[in-house]
Amino acid sequence: MEFLSKLYEWWDTPKNLDEKIKGLKRKLDVLNALKEDMESSRTNHLHPRKKQKKEVDLWFTNVESINKETEDLEKEIDESNFLLRGFHKGNVLKKIQEVGDLYQQGKSHDSLVVVNSRWSGPIPAAKLIGGAAENCMKDIWTYLMDDDIGKIGVWGMGGVGKTTIMEHIHNKLLEGKGFDKVIWVTISQEFNIVKIQDDIARELNLMECLQQERDAFRRRKFLFDMLKKANKHVLILDDVWDEICLEEVGIPEPISSNGCKLVLTTRKEHVCKFIGCDKVIKVNPLSEEDALALFLKKVGPVVSQSPTLLSKSKLVVEECAGLPLTIIVVGGTLKGEDDPRVWDNALNELKLRIGEVVGVDAKVIKCLKFSFDHLKDEEVKHCFLYCAFYAEDFEILKDEVIESWIDEGFIDEMDARQQMIDKGHAILKKLEDNSLLEIDWGRRFVKMHDAVRDMALSIITSMNPPPYMIKAGIQLESLPKEEEWAEDIEKVSLMWNSISEIPIDLSPPKCLLLTTLLLQHNPIRSIPDSFFANMPCPTAYQIPSLN
């Protein structure tokens, strides 16, 4: 009896073995379907600044291997006689387990790509507009080539073109103009030392080494030493909002002996002075002539051909404060419009809005909101505001955001999903034409200018009560405080933060209307079931893959 029991453990009847083989094939089909989906997703997310994760590389290799091994096993079984065939039971069960394990590994990948720190190609840059921008670029370049100048400050209003100028400088430096390395780091409004250190280390291909350092002093010293060893380089800090201490970050003082340079862009002149810039350059608004030329290019030939509309367009341009961003956005809103009454109404609206507020930034937001208010379709407005759920300066994959719009119910139900996807692309085209979104990286990605995102966030916070809580990409290490989880909140975005734990004893948020919770790209290890106890209406939850 013991022998028969052992035999049954090792051997199987032809009928039972065939059922197991069919089960193996079904699991393999599901695994290969996942592989195809991941290949499609990988293709969408890859661009010159992103590369496939090594663990994802290994996963694809293992899937290829297990397909080959399964094919060889089937062939071996087919060539076996009746008796020996049954002894392949253990091999088949082992393969079923391996296929299942690979499937779970594939599903656990929160993202397939990472920043390619070795990439040093040009940044897609818009064309420089006006003679003032050209002159600023020439001045910056002259100072970069001067050994006695280490720190350069570039300041001006939001939307005036500071980043565009620096993108051209960055690309010109890559042509081999005397520097071994060009490092670009976007600071953004939510200043975070750890994020800046990580971004610089990533550019130096030293991210893994820096992440091993947990102590603030050791991180700062490590980065300081690595930058000193980085040969002759230019460090560009884009969009610096407030005073920062270079020493606290770990950025060595640029001096003539090391040949290194620091360039920063900011909206505030005093930031340049605080950091001790040797040269400070102001980016001025466009001249009347350049501003009008840009506006006419955006609105199309219908205006140039009408003396009446041309005179009205000059008055509209005056309200845009000479800022390329506001001129482009307002021009996109009025593109192709040939009714003088519409132009009169637009001018009155702009005057009224801008007259209500004090301060340059507030006037820019009011000017940009004019374009949002003229999006006649509420569906398009909802889709636009959703783009603010992503972190500042984030490259938004078109296919991904369209799927999110569909899941959120922003796009009306249609007979086929492809029709809804097509509608999503039409909405993106509308937002691009109105310059509320910028095309990025081969038309597969879009971006929100930081001033446009500020406008979107101001619209959300002005709602009574605000229906969304957006804290994406600000390096949160824990969930927002209990009082921030309002009962009537509908959507929450906590994407791209550093939240690693949701404590089991945490009082669950009482968000009875919550339909959307975005937690992806956080190193969360586990989420207690109790966290969702008071969230009865989930429709679009996106959370990291958990162990």
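Predicted model: local features only at pLDDT ≥ 70, side-chain atom pairs only at ≥ 80, totals over all residues.

**Entry: Asp199 and helix H8**

I started with Asp199, which counts as buried because its relative accessibility is 15%. Asp199 makes a salt bridge with Arg202, and the closest N and O atoms are 2.8 Å apart. Both sit in helix H8, 3 residues apart, so about one helical turn separates them. Arg202 comes out as partly exposed, at 24% relative accessibility.

Then I looked at the rest of H8, which covers residues 193-203. The buried residues there are Ile196, Gln197, Asp198, Asp199, Ile200 and Ala201. What covers them? I found strand E4 (181-186), helix H9 (207-211), helix H10 (216-228), strand E5 (233-240) and helix H11 (246-249) among the covering elements. I also noted Asn205, which follows H8 and has a positive phi, near 60°.

**Entry: other salt bridges**

I got a count of 25 salt bridges. I picked out a few.

Lys35 and Glu64 meet through their side chains at 3.1 Å, N to O. Lys35 is in helix H2 (residues 14-45) and Glu64 in helix H3 (residues 54-78), so this pair ties together parts 29 residues apart in sequence. Lys35 is buried, with a relative accessible area of 13%, whereas Glu64 is partly exposed at 45%.

Glu319 pairs with Lys351, with 3.2 Å between the closest N and O atoms. This one links distant parts of the chain: Glu319 is in the loop between helix H15 (307-318) and H16, while Lys351 is in helix H17 (residues 340-355), 32 residues apart. Glu319 counts as buried at 17% relative accessibility, and Lys351 is partly exposed at 46%.

I also jotted down a network of salt bridges that links Glu69, Lys95 and Glu98.

Leaving aside neighbours within four places in sequence, Lys162 is in contact with Val154, Trp155, Gly156, Met157, Thr265, Thr266, Arg267 and Val283.

**Entry: cysteines**

How many disulfides? I get 0. Cys272 is in none, and the nearest cysteine sulfur, that of Cys277, is 4.8 Å away. For Cys383, the closest cysteine sulfur is in Cys387 at 7.7 Å, which is too far for a bond. I checked burial too: Cys272 counts as buried at 0% relative accessibility, and Cys383 counts as buried at 0%.

**Entry: two buried residues in helices**

Ala133 is in helix H6 (residues 130-144) and is buried, with a relative accessible area of 10%. With neighbours within four places in sequence set aside, Ala133 is in contact with Leu128 and Ile165. I also looked up Asn284: 151 residues separate it from Ala133 in sequence, but the C-alpha atoms are 7.9 Å apart in space.

Met420 is found in helix H21. Met420 is buried, with a relative accessible area of 4%. Not counting residues up to four places away in sequence, Met420 touches Ile406, Ile411, Asp412, Glu413 and Met414. Glu403 is 17 residues from Met420 along the chain, with 9.1 Å between the C-alpha atoms.

**Entry: the second largest pocket**

I put about 260 Å³ of space in the second largest pocket. This pocket is lined by 14 residues, and the closest to its centre are Thr333, Leu334, His374, Lys376 and Lys430. Helix H16 (324-333) and helix H21 (417-433) each supply at least two residues of the lining.

**Entry: whole-chain numbers**

I left the overview for last. The chain has 22 helices and 14 strands. Of its 547 residues, 47% count as buried. Among contacts between residues at least 6 apart in sequence, 71% join residues at least 24 apart.

How values were computed
Residues numbered from 1 in each chain as written. Heavy atoms only, no water. Helix = DSSP H or I, 4+ residues; strand = E, 2+ residues; numbered from the N terminus. Buried < 20%, exposed > 50% of the residue type's maximum accessible area, 1.4 Å probe, protein only. Contact = heavy atoms within 4.5 Å. Disulfide = S-S within 2.5 Å. 1 Å grid on protein atoms, 1.4 Å probe; cavity = no way out; pocket = protein on both sides within 12 Å on 5 of 7 lines; lining within 4 Å. Points joined across faces, edges and corners; volume = space filled by probe spheres on them. Salt bridge = Lys/Arg side-chain N within 4 Å of Asp/Glu carboxyl O.
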